[in-house]
Amino acid sequence: MGSIEIQSSQPEVVTVDVLAAKTVEEFQKGHVDSEKIINIAYMFNTPEGRVKNPDFLKEVLSLCKKEDHLIVGCQSGVRSVYATVDLLAEGFKDVSNMGGGYLDWIKKEFPIKIHVTK
């Protein structure tokens, strides 16, 4: 697994294990079963590859306060590190990254929800 270099001037990202704690397509295929869960894409799939959602911070700010407790997750825990860095840099106070992401969550056989489309 590759490493992610984050400049030292950035706030420290706290990573939490799935024991403590997508894109739309991933979210619909299955996601963590939690009382409060919000799906805001950090990256979009395009013909050129994945690109960062330019409205990510604006979308989060429209639904969450900077003092809210947030656990950021994605499929494997990589994109969520970047999203967590952006949220901390924006001034969010209580943000953690869910290490291992959804894949670790299902390995541990924690509850999930799957959206069935008709």
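## Confidence

What is the mean pLDDT of the protein, and what share of its residues reach 70 or more? The mean is 79, and 67% of the residues reach 70 or more. Here pLDDT is the predictor's confidence in each residue, from 0 to 100. Confidence is lowest in strand S1 (residues 14–16), at a mean of 55. It is highest in helix H3 (residues 79–89), at 95. Helices (H or I, at least four residues) and strands (E, at least two) are DSSP runs, numbered from the N terminus.

This is a predicted model: local features need pLDDT of at least 70, side-chain atom pairs count only at 80 or more, and totals for chains, interfaces and linings use all residues. Residues are numbered from 1 along each chain as its sequence is written, and side-chain values use heavy atoms, without hydrogens and water.

## Buried residues

Serine 80 lies in helix H3. It is buried, at 1% relative accessible area. Buried means under 20%, exposed over 50%, partly exposed in between (1.4 Å probe, protein chains only). The serine 80 side chain reaches the backbone oxygen of glycine 77 at 3.4 Å.

Cysteine 64 is buried at 11% relative accessibility. Cysteine 74 is buried at 5%. The disulfide count is 0, with a disulfide taken as a pair of cysteine sulfur atoms within 2.5 Å.

## An exposed residue

Isoleucine 114 sits in the segment after strand S7 (112–113). Its relative accessible area is 53%, so it counts as exposed.

How values were computed
A polar contact is a pair of N or O atoms within 3.5 Å; within protein, one must be able to donate a hydrogen and the other to accept it, and residues adjacent in sequence count only if both atoms are side-chain atoms.
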